Amino acid sequence: MLSKQLGQKTVLHGVTMQVAPGELVLLAGRNGAGKSTLLRCLIGAIEPDAGGVQLDGKPILSWQPKARAREVAFVPQDTEVPFEFTGRELVTMGRHPHRGRSETLRAEDVAAVARALQLLDAEAFSERSVITLSGGEQRRIAVARALATEARLLLLDEPTNNLDLEHALQLVVLLRRLADEGHGVLVASHDLNLFAPHCDRVVLLHNGRADVDQPPEEALSRQNVERVFGVRSHQPTKFFPREFRL
Amino acid sequence: MKRKLPFFLVAVLVGVAVLHLSFSRVSPGFSTLLEWMFAWTGATDAVTEPDQFVFASIRTPRMLVAVFGGAALALAGTVMQASFRNPLASPDIIGTAAGAAFGGAVAIVNDWSQVSVLFTPLAALVGAVGVTSLVFVLAGSHGRFSVTNLLLAGVALNTLFGALTSFVVTMALSNYLASSEVLFWLMGGLDNRTWDHALITAGGFVLFTMMVLPRVRELDLLTLRDDSAHSLGVDAAKARRYLVWCACGLTATTVANSGGIAFVGLIVPHLARLMVGPAHRLLLPTAALLGAILMVVSDLGCRVAPAHWNLRLGVVTAIAGAPYFLYLLARQRRGEQL
């Protein structure tokens, strides 16, 4: 039962949820519903006012930082970098949790970085300065950095922001595949149409609570969508929404 | 090529250091320097005692203070820019140098160096850490430091501690020697540096650099958002505090021994990034070497300038650095990355 107040506002009010290995979970809700705050609590970046987060049965705040980083990877919403690192340099930072302080890059680190870049189709621009990359390319580099950690649990905050349709769909399929391979994946996104067909559960945050936690077809019922988002949903028309495939 | 650059810069530094030792308005000159340097091999005749005194006790410590002081200021600027995720952060912009100057001035007018040569650097360190702590409080918001907040806090604290330093100097006006010493010191300069100054500057540089080097990858990670750094196993707030305190130490030991040296900590990291990119494993040695070269060349300029100019080192670095700072601001106005 996790609660968090930011300033005068209680953002999270007794949220309970879990992500198991092999699951792809979509976290949705209105702007300001507390999705990013919840993700930050889940990675231990901020301490909840009440309740706690457990990773493998152990409080997340009691994990050693590097040990935790080897288990949980995170892609934040804002990934702006003020200096001109190359894409590959940024993805290589994902190997930090695996390396000792003075340890140079090992063959397995180089391989993990290459694999992450390949999975995100980012090899072509990996040697360019990140500042010259488009928003979508920067996003793919950020996701590749999270994958380079080889963590078992992936938390992603709006990972498809700025991505074109092809790469957004590729990412969703990749996340599904990672879940099928045994990773736990939690994605905060407004893109319900894109993620819902691929995920196992949808958690809807509303009034600071995990109001709905069900499989997608039940979670995104007409009543739930109207109550949580304040909009009416319609049966698909001939043109919209379309089902996208690669 | 990038990886070989530090070796090239070492060669340049050795070259300018030799020039620094040999060029002056007065003799001894280059040929005597060579004789002095190679006298121990027996290949050359021993130099006269006065010449030996000039090289061993006057010019060498001065050159070493320039080398280690310039390297320390450049490292301090590089560490601060990464730690604050802000290319305009540097000891003289955010007030660290002003705090160190205030602490140093208090120590000089009270003649604390008579008690121990370490007292002036320690007072400078207390001033630097104190002012930087205020920057953390005034400019930080949830661990983030915007350009605007840093510059506003820097302007406020530079003005405040500049005024306090002036107040300390005016209070000491009755003591002409002490007040003139502080005034000259505030303008930055390496006159009359002894082996004590050289050892303290070198010691501070080695100590704080050794504290920074094991955390070099954390500097890279701090340039990401705090949440990203945290998710990669770095406690961003803790790492930032530790590294900025190290930068304060580098600044304080230099300011205590060289006075106010403007802009080295700001412009050298930018020059180094242009040469080798932002990854700190290569950036730190490059910045340190460039800082040392800049400081040695600037001091050489002071030494060969006409004596009646009384040209101060801080004046030379400011004249070189201010236009570059304005260029950076112009770039940022155009929306370009710094």
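The model is predicted: local features need pLDDT of at least 70, side-chain atom pairs count only at pLDDT 80 or more, and totals for chains, interfaces and linings use all residues. Residues are numbered from 1 along each chain as its sequence is written, with chains lettered from A and ligands numbered from 1 in the order in which they are written.

Interface first. Helices are DSSP runs of H or I, at least four residues; strands are E, at least two.

Now the core. The largest nonpolar core has 178 residues. That is a set of buried Ala, Val, Leu, Ile, Met, Phe, Trp, Tyr and Cys joined through C-beta atoms within 7 Å. Buried is 20 or more other C-beta atoms within 10 Å, exposed is 12 or fewer, partly exposed is in between. Helix α3 (49-83) of chain B gives the most, 17 residues. Val79(B) is among those with the most contacts inside the core. Leaving out residues up to four places away in sequence, Val79(B) touches Val212(B), Leu219(B), Leu243(B), Cys246(B) and Ala247(B).

Last, phi. Most residues other than glycine have a negative phi. Asp56(A) has a positive one, near 55°. Asp56(A) sits in the loop between β4 (54-55) and β5 (58-59) of chain A. Asp56(A) counts as exposed because it has 9 C-beta neighbours inside 10 Å.

Notes: Two residues are in contact if their C-beta atoms, placed from the backbone, lie within 7 Å.
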